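Mentor: Let us read this one together, one question at a time.

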Amino acid sequence: MIQTKRRALVLVGHGSHLNGDSAAPVFTHVAALRALNLFDEVVPAFWKEEPSLREVIRAVNAHEIVIVPLFISDGYFTEQVIPRELGLAQATPNTVSFINGKRVIYTLPVGTHPAMTSVVEHRARTIVGDEAVPTSDTALVIVGHGTPRNENSAKSIHYQVETLTNKGEYGEVTAIFMDEAPYVEEVLNVCAAPNIVVVPYFIADGFHTQEDIPEDLGIAENGSYPVPALLDGRRLWYAGAVGTDPSVVAVILERAREALSVTDGDNFPLQEPVAACAHRAFAEWAREEARLFGQVLIRAVPNGWELSHVDDAIRVDLETLTDPFAAEHIARYDDEGDYRPLSTAPTLRHGWRLLLADDESLRHALDALYPAAVVGWYDERERQLNPTPFFETAARQTGMYSAVNRINAAQARRAIRACCVDQLCLKRITWNLAPDEPLGVERGEGLIPCREACGILIGLARKVVLGDRAAPRTVDLTPAELETLQVLLQGTVDGTFEM
């Protein structure tokens, strides 16, 4: 069968298990890129959310994939973590790797592209708005995180300062940082202009940009800040994070264009992607009768498909949606509007139904509700799942998670019992602790296989290892994690830790 090459763009973000806003720019830019119809598929992927970096390449229905990291600078994540988790044969940006028969090109981060200068300028103009503020009497201040431990952290910011200074539009251009000098609180000392526009060089608006920086600038007022603020007789406009600006989409496309200009291995034999086979088989199976997948009831109807929460099977007051990508929002928040960091948690929101026109729409909706789950279902059916033993996943952890390298079987089982029961996750564990060491824990039930330990389990495993040290150690925990860890620590060497 002659195939037409399908091309996908994967936009990679850091994500968070605790803060749903962390991924907001990724989803916003993905939606804008989809609307342009330049790629057959545009999907998000994350280090700390779903779809995970480990599964996204296999789950994408494309022969050629461009992977763009939505990160501010080069460094540990873009140079080590992301290439490792993707399984790239060539981690150098704009070189070709072949993974599962797919041609994959990984680009440089968005934040280091020269076109980000225009994004900074757009962000500065937007926050000032229609006010008559001469740029010659204005200091443009770019805020970065910075760290004395990694010089690359500030390189992209210094580049922006140098470029904007050479353009000569603003009276002053300077940088300030959260974690290195000059510090954010020194803003009035590092510039003399009567007007100050502060642009945070961050991807997302989160705790740093909405709380820490306004507090350090001295403009925070009851959880908010005025725009402009008045500081010692000078006006200060504080903008949103550069990564949230709509013009970032153009920079993402520039990174993709650079990658696609690489011709190495361009004429490769086209194989049908596993994702295409998986979703075709799943649709055939679902047409036989109504199926329950996780908490989603799937029913074939004369004009396509109907999906709803299983608890809503006979409700007639459901919100009807026809866009399959609306499932991304359905999957992210529960009935109370709280963020769901795990798609397979048994907390899927009620009150909706998706009416989908065809099998392709069904694929997009299911991938949004349960990322990579259909491919996992298919791989297990075809005996191609190849689950990763827990200790192998643990040994792969680096940086702040390297403590998990030292986990023992008893610690691992305590973490798994706390994190992987059916009341918390609907996946069924398919991996063992090691090839020669059984899991020793209930595996759960259901049709969605767990191919390897997820980031949430790894995070909890890290805290178990640290908590088991003989000497108390300060560990940052949420109240829910604290409650779980207090249970886990029963019977340890000392069973205590400092808060």
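**Cavities, sheets and helices**

Trainee: Which residues line the second largest cavity?
Mentor: A cavity is a set of points, on a 1 Å grid over the protein atoms alone, where a 1.4 Å probe fits but cannot get out, and lining residues have an atom within 4 Å of a point. For the second largest cavity, those residues are Glu55, Pro371, Ala372, Ala373, Gly376, Trp377, Leu385, Lys427, Ile448, Pro449 and Arg451.

Trainee: What should I know about the model before we go on?
Mentor: It is a predicted model, in which local features need pLDDT of at least 70 and side-chain atom pairs count only at pLDDT 80 or more, while totals for chains, interfaces and linings use all residues. Residues are numbered from 1 along each chain as its sequence is written, and side-chain values use heavy atoms, leaving out hydrogens and water.

Trainee: Which helix gives the most to the lining of the second largest cavity?
Mentor: Helices (H or I, at least four residues) and strands (E, at least two) are DSSP runs, numbered from the N terminus. Giving three residues to this lining, the helix you want is H12, residues 373-381.

Trainee: How much space lies in the largest cavity?
Mentor: There are two cavities of 30 Å³ or more. A volume is the space filled by probe spheres set on the grid points, which are joined across faces, edges and corners. The second largest cavity holds about 60 Å³. For the largest cavity, the value is about 360 Å³.

Trainee: Which element gives the most to the lining of the largest cavity?
Mentor: That cavity is lined by 25 residues, with Glu50, Pro51, Asp367, Ala368 and Pro371 nearest its centre. Among the elements giving two or more residues are helix H1 (24-36), strand S2 (41-46) and helix H11 (359-369). With four residues, the top contributor is H11.

Trainee: How many of the residues lining the largest cavity are nonpolar?
Mentor: Ala, Val, Leu, Ile, Met, Phe, Trp, Tyr, Cys and Pro count as nonpolar, Asp, Glu, Lys and Arg as charged, and the others, Gly among them, as polar. This lining has two polar and eight charged residues, and its nonpolar count is 15.

Trainee: At what angle do H9 and H11 pack?
Mentor: Axes are lines fitted to C-alpha atoms, for helices over the stretch in contact, and angles run from 0 to 180 degrees between N-to-C directions. Contact means heavy atoms within 4.5 Å, and here His279, Phe282, Ala283 and Arg287 in H9 meet Asp359, Leu362, Arg363, Leu366 and Asp367 in H11. The axes are 10 Å apart, at an angle of about 100°.

Trainee: Is that parallel or perpendicular?
Mentor: Angles under 35 degrees count as roughly parallel, over 145 as roughly antiparallel, 65 to 115 as roughly perpendicular and the rest as oblique. The angle of about 100° therefore makes H9, relative to H11, roughly perpendicular.

Conventions
On a 1 Å grid over the protein atoms alone, a cavity is a set of points where a 1.4 Å probe fits but cannot get out, and a pocket is an open set with protein on both sides within 12 Å along at least five of seven lines; lining residues have an atom within 4 Å of a point.
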